[in-house]
Amino acid sequence: MGKPPLNEQSPVAIGVAAGAAVVASSFAAFLAYRELRRRGKPLLINQHSGPDSLQQILKGEHGELVGDLLELDQHHIFDDWPAAGQQENQKAQLLSHLQHLDSNYNGGLKAYITNAKKLLQEAQAGENSFEGFTPEVPEGEKLDYASQAFEDYEQKGVEAAHGAAFVLVAGGLGERLGYSGIKLALPVDSARGTCFLQVYIESILALQHLAQKQKPGCVLPLAIMTSDDTHQRTADLLSEHAHFGAEPSQITLLKQEKVACLLDNGAHLALDPSDPFRLLTKPHGHGDVHSLLHSSGILQRWQDQGVSHVCFFQDTNGLVFRALPAALGVSAAHDFDLNSLAVPRKAKEAIGGIARLTHKDGRSMTINVEYNQLDPLLRATTYPDGDVNDSTGFSPFPGNINQLIIKADSYAQQLQRTGGLIAEFVNPKYADSSRKKFKSPTRLECMMQDYAKELPAKARTGFTVINQVWAAYSPVKNAPEDAKAKVAAGSPSHSATTGELDIYHANCRTLQRLGAQIGDPDQCVFNGLKVDLWPRISWSPLFALTLAQLKSKVAGEGLVISKGASLVIEAEDVCIRNLRVDGALRIRAHPKAQLTINGLSVSNSGWNWRPLSLNKPAAEEEWIRGFKVCRGKAGEELTYNEPGKYLVPKKSSHVSSDEQKVAVTA
């Protein structure tokens with residue numbers, strides 16, 4: 001570090017001793033270069049038997065790359081290499097690693113380091129990327145869940161669904177939550193016990209079934225962006241569960257690569273402290289999904305298959321498909337090139353706001369502005385009070401939740417123009433106010449939603465807000481202690497606890513809107529969070545994905561669920577005309593079984609959601625939620641394993657048992 005970089009204009013004459021053979025391998029080139037620098041004096045070049053510069057020495061397989069790195073002042077990578085003949089395998093490992101990083105970044109490591117130097121210089125200087133822009137509230141729709149407008153747009157979304165493709169961004173492990181597996185393997189709720197990936201695939205299949213009424217035989221494809229950490233485990237999860245009912249060809253895995261970490265404002269690449277023959281790397285951000293869809297040819301293939309809209313969603317929001325069909329309908333109705341599914345946002349809440357920014361030179365764009373940038377931007381322009389709530393009690397700028405719907409044809413044109421590259425940023429954590437040293441290595445990042453920054457001025461962009469947050473958004477992002485800190489600061493916990501309980505809340509509130517009688521929630525404390533525990537009602541999306549489906553299958557006034565009760569529906573074709581549950585009931589049925597429930601009353605001691613005991617072991621899934629489900633022998637199960645039409649009950653209208661399951665196998 002601190003020594004001048006190598007370049008052809010350097011005053012230092014670099015050569016080899018007379019009679020030395022031309023070095024053919026990059027290993028020897030590194031050693032020669034290191035030795036010359038160590039000796040600190042020039043050597044004369046033998047014009048007849050040696051190369052005329054270090055650039056000619058670097059003729060090996062990785063020579064051009066290494067030459068670029070040396071010219072970019074990255075010689076620290078090679079300073080402490082052992083002598084020739086020592087640890088050759090480890091040296092080869094580093095060269096291979098460098099080549100891998102180089103080949104997986106557009107323009108290679110040379111471009112990465114050049115971009116990093118520019119962005120780090122801007123960050124150190126505290127430059128404002130929004131200088132000259134004035135914010136305003138963009139065009140969009142704000143919908144009350146289950147309102148007539150919502151249902152109308154939901155129907156439009158169903159009609160457009162035959163042209164939908166889906167992209168799931170799932171590169172993260174659950175370590176931040178206190179869960180050692182991939183987040184997609186986490187149960188969405190304990191009542192059904194199904195994982196996020198299953199719920200997402202079932203939701204797509206449910207929408208596919210509806211779309212096939214418009215276009216028989218259509219298949220809705222799904223691409224999942226993985227990472228080194230999650231790729232194989234995601235593939236295994238799919239394989240072990242027969243792709244959760246989807247066709248294997250329907251699902252594509254796209255693995256995102258990592259980028260090199262940066263040591264300082266000079267953009268020097270960071271070696272791994274535990275391995276001097278490997279660079280420290282971190283994820284580049286979910287913005288890479290765009291370049292992967294482009295470079296893999298998947299987007300082009302989807303277009304050839306008739307895809308009109310691409311829907312992006314995140315890995316742990318179990319409610320997203322409650323709102324996605326309506327948002328798809330908004331996109332189709334408004335012909336949006338980009339539509340952001342959003343939720344109401346409290347002023348200064350730690351969630352980005354969607355804003356239309358117009359520059360004084362006439363440029364404009366509708367993008368996500370991070371919460372820590374939105375308030376000063378508003379104060380500096382047309383909102384002297386900054387980020388404040390309006391008469392609705394919320395900020396006028398919708399909250400970004402990174403669920404996007406993009407029009408396929410304009411998307412393909414844009415990716416063809418940009419190669420799928422998304423504007424990068426860097427966010428170094430400085431050690432002190434001098435802004436010269438980092439607390440830890442940083443890296444360049446890009447965000448999926450910043451695709452909006454690349455759109456031309458003529459592009460139609462907007463948003464779809466679901467006014468009731470409980471109906472559309474409850475991500476699982478924070479470990480128990482972090483969740484408590486969030487709540488203490490006035491923010492949602494976004495924990496595994498609330499992620500599950502909000503599913504029950506949403507289902508109960510939805511059924512209430514259909515006229516069902518649902519018992520009041522219990523007030524509980526799990527993992528230090530005060531929460532409402534509604535009756536545990538959960539159903540497969542294959543039973544009902546849309547409100548119209550739910551209305552057609554459940555006669556609201558005939559459904560009564562007692563306080564503390566549980567109802568789980570694992571069946572596609574069930575019609576509930578009259579049902580009372582005081583306890584627990586699970587319904588399972590063959591996909592081609594038609595079940596009508598009319599006059600059934602279930603009474604038992606049910607299932608209990610109990611806080612964990614500090615001195616008793618618990619599974620990770622339980623620990624991050626703060627409760628254990630105690631089922632024992634209580635509860636009834638209706639099981640229909642064969643196709644056919646069934647009426648329940650046949651004779652008796654009342655089932656009461658704490659030990660006997662009702663199982664019908666025809």
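**Pairs, packing and burial in a predicted chain**

Me: Which residue in β29 is the bridge partner of R586?
Reply: This is a predicted model, in which local features need pLDDT of at least 70 and side-chain atom pairs count only at pLDDT 80 or more, while totals for chains, interfaces and linings use all residues. Residues are numbered from 1 along each chain as its sequence is written, and side-chain values use heavy atoms, leaving out hydrogens and water. Strand β25 (residues 584-589) runs parallel to β29 and is joined to it by 5 bridges, and two strands pair if DSSP finds at least two bridges between them. Within β29, the bridge partner of R586 is E637.

Me: Which strands stand at the edges of the sheet, each with a single partner strand?
Reply: The open sheet has 4 strands, paired in parallel in the order β21-β23-β25-β29; strands are DSSP runs of E with at least two residues, helices are runs of H or I with at least four, and both are numbered from the N terminus. An edge strand has a single partner, so one side of it is left without a neighbour in the sheet, and this holds for β21 (536-539) and β29 (636-640).

Me: How are α4 and α5 oriented to each other, roughly parallel or roughly perpendicular?
Reply: Helix α4 (residues 88-103) packs on helix α5 (residues 108-125) at an angle of about 70 degrees, with the axes 6 Å apart; axes are lines fitted to C-alpha atoms, for helices over the stretch in contact, and angles run from 0 to 180 degrees between N-to-C directions. Angles under 35 degrees count as roughly parallel, over 145 as roughly antiparallel, 65 to 115 as roughly perpendicular and the rest as oblique. The two helices, α4 and α5, are therefore roughly perpendicular.

Me: Which residues of α5 make the contact with α4?
Reply: Contact means that heavy atoms lie within 4.5 Å. From α4, the contact is made by L98, L101 and D102, and from α5 by G108, L109 and K110.

Me: Does A472 count as buried or exposed?
Reply: The place of A472 is in the loop between β17 (461-466) and α14 (480-488), and leaving aside residues up to four places away in sequence, A472 touches N317, L319, V320, A323 and I466. Buried means under 20% relative accessible area, exposed over 50%, and partly exposed in between, with a 1.4 Å probe and protein chains only. Because its relative accessibility is 0%, A472 counts as buried.

Me: How far apart in space are A472 and V343, C-alpha to C-alpha?
Reply: In sequence, A472 and V343 are 129 residues apart. In space, their C-alpha to C-alpha separation is 7.7 Å.
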